Amino acid sequence: MLGQTLGALAQPLIIFTPTKLAALWFPDHQRATANMIASMSNPLGVLLANIVSPKMAETSKQIPMLLLTYAVPTCIICFLATVGIRSSAPPTPPSASAELSSSEPFVQGVKLLLKNKSYLVLLLSFGSGIAVFTCFSTLLEQILCVQGYNNDFAGLCGALFIVSGIIGAGVLGLYVDRTKKFIEAIKINMSFTALAGIAFSVVSLIREQKVAVAAVCAAFGFFGFSIYPVAMELSVECTYPVGEATSAGLIFISGQVQSVLYILLLQALTKRIAASPLSTCGDVVLSWKVPMMVMAGLCSVFTCCFVIFFYTRYRRLEAEEAATYGTKHGNSSSATEHAPSVET
């Protein structure tokens, strides 16, 4: 419990970092990609741990050795980060916003966020998306076992969900860096994510449909996971000059709070049914029909709210553009004033 508590306390320091890192160390045409790489390292690590752990610890007696094995790279990375990272920002700012970085104080920043209607829509809608994904990952085995799908297949679906999401995040990150179409990209992907969620709520209740279930899980990850880093960047764009960690961090907290509520709600809506001959759930078999429909409905409602009500200016990009053109204009005026006069 102590180790889990310490890990949980350290998590915000890692989760909130990518947006701040991208803002201070990368130019505007690389920020979404940098955020994507840093953000997707977390689910990639989870995937690798899920693959390696069963092979290294086949019995409960091998778990201490497994934990010690995981501790070795963790300690090495901690040492390298402590010794190697000596500055919070590069010597030369990569963008105008990084050069003029003067975030609002935390309390003042939170007050500004609560007055920003666009940010509140993003906070609730994308927080709900995080909650749906958490429910999907947490309850996947319980949902699929009712129809006779074993844990190995559920693990395969979870792996497809993550791998497809990382691929989708890479594609969308590169696209947004080139086009700056944050809003359009997120609205389209959220719509496809809602459709994938509806499809999963249907195919997960049908027996002997492994291909369909796996394909829907892959699509759910591809369109849904890819939104995360772009949404974090969009949160900064619509709230600038509020601190990047504050605007992105509150969205993550919103997602965690909603995740707890959603999981409790979905589990409360399950009903115990008679044992199914194909079930691999063990002694207790639960019907997930109503919870799956509720999850798909929640996903659809918040997607519609975001698509209809969200609109914002790209405040950070506008500030960078103004600073860039202002500097050029100032340099031009200065050069004209100091140019030698030619008398005829």
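Tutor: Let's start with a word we'll need a lot: a residue is buried if its relative accessible area is under 20%, exposed if over 50%, and partly exposed in between (1.4 Å probe, protein chains only). We're looking at a predicted model, so local features need pLDDT of at least 70 and side-chain atom pairs count only at pLDDT 80 or more, while totals for chains, interfaces and linings use all residues. Numbering runs from 1 along each chain as its sequence is written, and side-chain values use heavy atoms, with hydrogens and water left out.

Student: What makes up the secondary structure of the chain?

Tutor: It comes to 14 helices and two strands. Those are DSSP runs numbered from the N terminus: helices are H or I with at least four residues, strands are E with at least two. The C-alpha trace spans about 105 × 50 × 35 Å along its principal axes, and 41% of the 344 residues count as buried.

Student: How many aromatic pairs turn up in a search of the whole structure?

Tutor: There are 14 of them. Rings of Phe, Tyr and Trp (its six-membered ring) pair if their centres lie within 6.5 Å; planes under 30 degrees apart are stacked, over 60 edge-to-face, and the rest tilted.

Student: Why is the pair of Phe 136 and Phe 200 called edge-to-face?

Tutor: The ring centres are 4.9 Å apart, which passes the distance test, and the planes sit at 65°, past the angle limit, so edge-to-face is the label. Phe 136 belongs to helix H7 (residues 117-145) and Phe 200 to helix H9 (residues 182-203), so the pair ties together parts that are 64 residues apart in sequence. Both Phe 136 and Phe 200 are buried.

Student: Why is Phe 200 called buried?

Tutor: Its relative accessible area is 1%, below the cut-off, so buried it is. Leaving aside neighbours within four places in sequence, Phe 200 is in contact (heavy atoms within 4.5 Å) with Phe 136, Leu 140, Ile 143, Leu 144, Val 216, Cys 217, Met 292 and Met 295.

Student: Which residues touch the most other members of the largest nonpolar core?

Tutor: Phe 126, Leu 144 and Phe 200 do, out of 71 residues. Helices that each supply at least two residues include H3 (31-56), H8 (151-179) and H10 (210-225), and H7 gives the most, with 16 residues. A nonpolar core is a set of buried Ala, Val, Leu, Ile, Met, Phe, Trp, Tyr and Cys residues joined through side-chain atoms within 4.5 Å.

Student: What makes Thr 193 buried?

Tutor: Thr 193 has a relative accessible area of 4%, which falls below the limit, so it counts as buried. Thr 193 lies in helix H9 and touches Phe 133, Phe 220, Phe 223, Gly 224, Ile 227 and Cys 299, not counting residues up to four places away in sequence.

Student: What about Ala 194: buried or exposed?

Tutor: At 7%, Ala 194 is also under the cut-off, so buried. Ala 194 sits in helix H9; beyond neighbours within four places, its contacts are Cys 299, Ser 300 and Thr 303. Ala 194 and Thr 303 are 109 residues apart in sequence, yet 6.9 Å apart in space, C-alpha to C-alpha.

Student: How many cavities of 30 Å³ or more does the structure hold?

Tutor: Three. A cavity is a set of points, on a 1 Å grid over the protein atoms alone, where a 1.4 Å probe fits but cannot get out; lining residues have an atom within 4 Å of a point.

Methods
On a 1 Å grid over the protein atoms alone, a cavity is a set of points where a 1.4 Å probe fits but cannot get out, and a pocket is an open set with protein on both sides within 12 Å along at least five of seven lines; lining residues have an atom within 4 Å of a point. Grid points are joined across faces, edges and corners, and a volume is the space filled by probe spheres set on the points.
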